[in-house]
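Welcome! Please take a moment with the sequence and the structure shown here, and then let us walk through them together.

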Amino acid sequence: MKVVVGQGSCGVASGAKKTAAEFEKQIKEKGLNISVDLTGCVGNCYLEPIVDVYDDKGGLTRYVKVQPDKVTEIVEKHLIGGAVAADQEISVVDKTFIDKQERIVLRNCGLINPENIDEYIATGGYEATKKVVTSMSPDEVIEEIKVSGLRGRGGAGFPTWFKWNAAKASPGKEKYMVCNADEGDPGAFMDRSVLEGDPHSLIEGMIIGGFAMGATEGVIYVRAEYPLAIHRLEIAMAQAREKGLLGKNLFGTDFSFDLRIKAGAGAFVCGEETALIASLEGERGMPRLKPPFPAQKGYWQKPTNINNVETFANVPWIISNGGEAFGAFGTPQSKGTKVFALAGKIKKGGLVEVPMGLPLKDVIYGIGDGIKNDIPFKAVQMGGPSGGCIPASLIDTPVDYENINKTGAIVGSGGMIVMDETTCMVDMARYFLDFTRKESCGKCNYCRVGTKRMLEILERITSGEGKDGDIELLEELAMKIKDGSMCGLGQTAPNPVLTTIKYFRNEYEDHIYNKKCTAHSCKPLLTFTINEKCTGCTLCSRKCPVDAIKGELKKHHEIDQNICIKCGKCEETCRFNAIIRD
Amino acid sequence: MTCKNSDCQCNCNTPDFTELAPVMEKYAKTPGSLITILQKAQDIYGYLSMDAINYISEQTGIKPAKIYGVATFYSQFRLKPIGKYLIMLCKGTACHVNGADMIEEAISEELNIKDGETTEDGLFTLNNVACLGCCSLAPVMMIKSASSDETYGNLTKDSAKKALSEIRQREA
């Protein structure tokens, strides 16, 4: 018997380490011969900490929300008594969260111990590498990837085989394979999950890609904000080296390949290939003009190929199962599966991997179980700061590159932030512009100054000072920034504004002309009043920082609108739901 | 970074970079290592002082202006000292939608500091960060100290304040 505690970043944040320690303590106290192991994120982040108990026949019982105080029950009932501790077990409904998915990238996440290479090998790990280096030619590998239809999972959706082929065709012996693990989209965490939960599938993908393009060295550029991912990668690389799966003469062939990690230092623009390369070289991460493309002149001016974590994690599966099997999932243009990070106002947030082409509705309602507190669904933001908001009316849109692009959003790296009626769309646009304004590297005028100007207009609108003509000005600026920027950051930065204007123009107009925030979220546009539920407890008037609330004890209170600064303290304080925001 | 010897009587202000020396030995002459060197220096001293930048310049031959340029480009690098505990408040999209601004307000109320500032007692520094990648637990913050990184998820104003006051009590 074995106890496995999920310890991805979200598990740890939910207290998984304490839970694991409690299991270890109790198992030791009771003198049981049961090991406590760890695994990565299974994807049901809303149920963390998750504990799996495997019986001797490999049967699995999954327990959810296991805080340390719940451990005793599982130890007594299950580990000692041999019966399932039913109260803690995952519900049938929650089980469907995973059953409705198709898992290729996440095939091992949450199942194997990422810090033990033997568990990865036991699932057929490194078989694909063996097959490639001992029995395939680089062209055959590229052909297999071409058949699979795999496209870059980092944002642009460029065919992977094409990039590998271009890098292979570039002359020169010294070439580099680079992994972009600088998951910069605020709201996406699938790469982190793969790095933490199944680092070997990335390593294997890079070896295979390196073999195909003729590189002997790989670099993984990881965000510094992901310390656990870096830690697990280091362990995985050391173990692979020890087993001769990384380093010189893999599987006794002439092919050698080694990897190193380079920690990023926090710059969204480094998701752009040429900026990433500049950063790898120790410079400011500023993009340069293409061509020459990295496939011709990249890292240290040598042919370089860059793919993202999720793209690489697909590769071993494709080699083992064949490109056609991968292509069987998805749509003719968007083949395979895609991992989405479901977050925001969603009931069951987490990582979901589904075939491309599944309608948005099936992801949000079928898997994510709909909106928190059953507030009406308003929009879903896809593609992060480069993407856009897709309104509720387009909820039947199939999730693939082409159809999502048509809405004005992009698939991007797969962040799906769900929003309900309490989310202000103008504020969302402001939020993203604030982000891109800070992250603009400053090279192109339109991006550097234009995003700042757009942000100023959006701040003006959300603070109730919007003017007639602001929407048109935003649209004009947006088109100029798109045209006048060299890299993807500037070219896509206006998308969140353009899509929200396209689908939620009425909200912009409400802010500007009626000085109202439809979602009741922009504080300067709110009016707080007190309704008949007020009991006269005086709590709000005592909390009010500007003494705007007047009234006698046990009598109805009033807010003086001339004094009120709309801080919302009264609403937070009131125990009788007597404060109304409008 | 001035003389670390607490018994020192000399009042010397000569910067002491002995801890950084092994890092320089390993990376100073490897091209493209500037970011790595800056990260290690920040790990050791908590921030990048002008003295440290000058020292790195001497060792690597890279001009101080360029090092400064790189250090100010990336959000990870700090040019000022930070408190014992670094609060990294996630401002990612999911956290924003779920009320990260409210949590920032709570932290500011509790500690009387804004983004980028340090409390007077030198215990806490507040830094807003782009995304911690724990989006399903939004809103989230991570509190880093020399000995641990603790992540707090599903925050409310009260739970954020509680986490801070617990650390305060522990340190008192």
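## Before we start

Contact here means heavy atoms within 4.5 Å. Please also keep in mind that this is a predicted model.

## The sheet of chain B

Let us begin with chain B, where 4 strands form an open sheet in the order 2-1-3-4, with mixed pairing. Strand 2 (124-129) and strand 4 of chain B are at the edges and have a single partner strand each, so one side of each is left without a neighbour in the sheet. On average, neighbouring strands of this sheet are turned by 20° against each other, direction ignored. Helix 6 (residues 100-111) of chain B lies across strand 1, strand 2 and strand 3 of chain B. This helix runs at about 155° to strand 1 of chain B.

Now for the pairing itself. Strand 1 (residues 85-90) and strand 3 (residues 141-144) of chain B run antiparallel and are joined by 4 bridges; Leu86(B) stands opposite Lys144(B) of strand 3. Strand 3 of chain B is also joined to strand 4 (residues 149-152) of chain B, again by 4 bridges and running antiparallel. Those two strands form a hairpin, with 4 residues between them. In strand 4 of chain B, Asp149(B) is the bridge partner of Lys144(B), and Thr151(B) is that of Met142(B).

## The sheet of chain A

Which way does the pairing run in the chain A sheet of strands 7-6-5-8, parallel or antiparallel? The pairing is parallel, and the 4 strands form an open sheet. Its edge strands are strand 7 (258-263) and strand 8 (304-308) of chain A, each of which pairs on one side only. Neighbouring strands of this sheet are turned by 20° against each other on average, direction ignored.

Strand 5 (residues 176-181) of chain A is joined to strand 8 of chain A by 5 bridges, and the two run parallel. Here Met177(A) stands opposite Asn305(A), which belongs to strand 8. Helix 8 (residues 160-169) of chain A packs on the sheet and touches strand 5 and strand 8 of chain A; the direction of helix 8 makes about 160° with that of strand 8. Helix 13 (residues 309-321) of chain A lies across strand 5 and strand 8 of chain A as well, running at about 90° to strand 8.

## Where the two chains meet

The size of an interface is often given as the accessible area lost when the parts come together. Chain A and chain B bury about 3,300 Å² between them, and 56% of it is on carbon and sulfur atoms. In chain A, the residues that lose the most area to chain B are Ala265(A), Arg284(A) and Tyr431(A), together 17% of what that side buries. In terms of contacts, 55 residues of chain A touch 38 residues of chain B.

How many salt bridges are counted between chain A and chain B? The count is 5. Lys523(A) forms a salt bridge with Glu105(B), and their closest N and O atoms are 3.8 Å apart. Across the interface, 22 residue pairs are in polar contact.

Which element gives the most to the side of chain A that touches chain B? Helix 17 of chain A does, with 6 residues. Among the elements that give two or more residues to this side are helix 1 (9-13), strand 7, helix 12 (273-280) and helix 17 (425-439) of chain A. By class, this side of chain A has 28 nonpolar, 12 polar and 15 charged residues.

Methods. Residues numbered from 1 in each chain as written. Chains lettered and ligands numbered in written order. Predicted model: local features only at pLDDT ≥ 70, side-chain atom pairs only at ≥ 80, totals over all residues. Heavy atoms only, no water. Pairing = 2+ DSSP bridges. Axes fitted to C-alpha atoms, helices over the stretch in contact; angles between N-to-C directions. Buried area = accessible area lost by both parts, 1.4 Å probe. Salt bridge = Lys/Arg side-chain N within 4 Å of Asp/Glu carboxyl O. Polar contact = N/O pair within 3.5 Å; in protein donor to acceptor, adjacent residues only side chain to side chain. Nonpolar A, V, L, I, M, F, W, Y, C, P; charged D, E, K, R; others polar.
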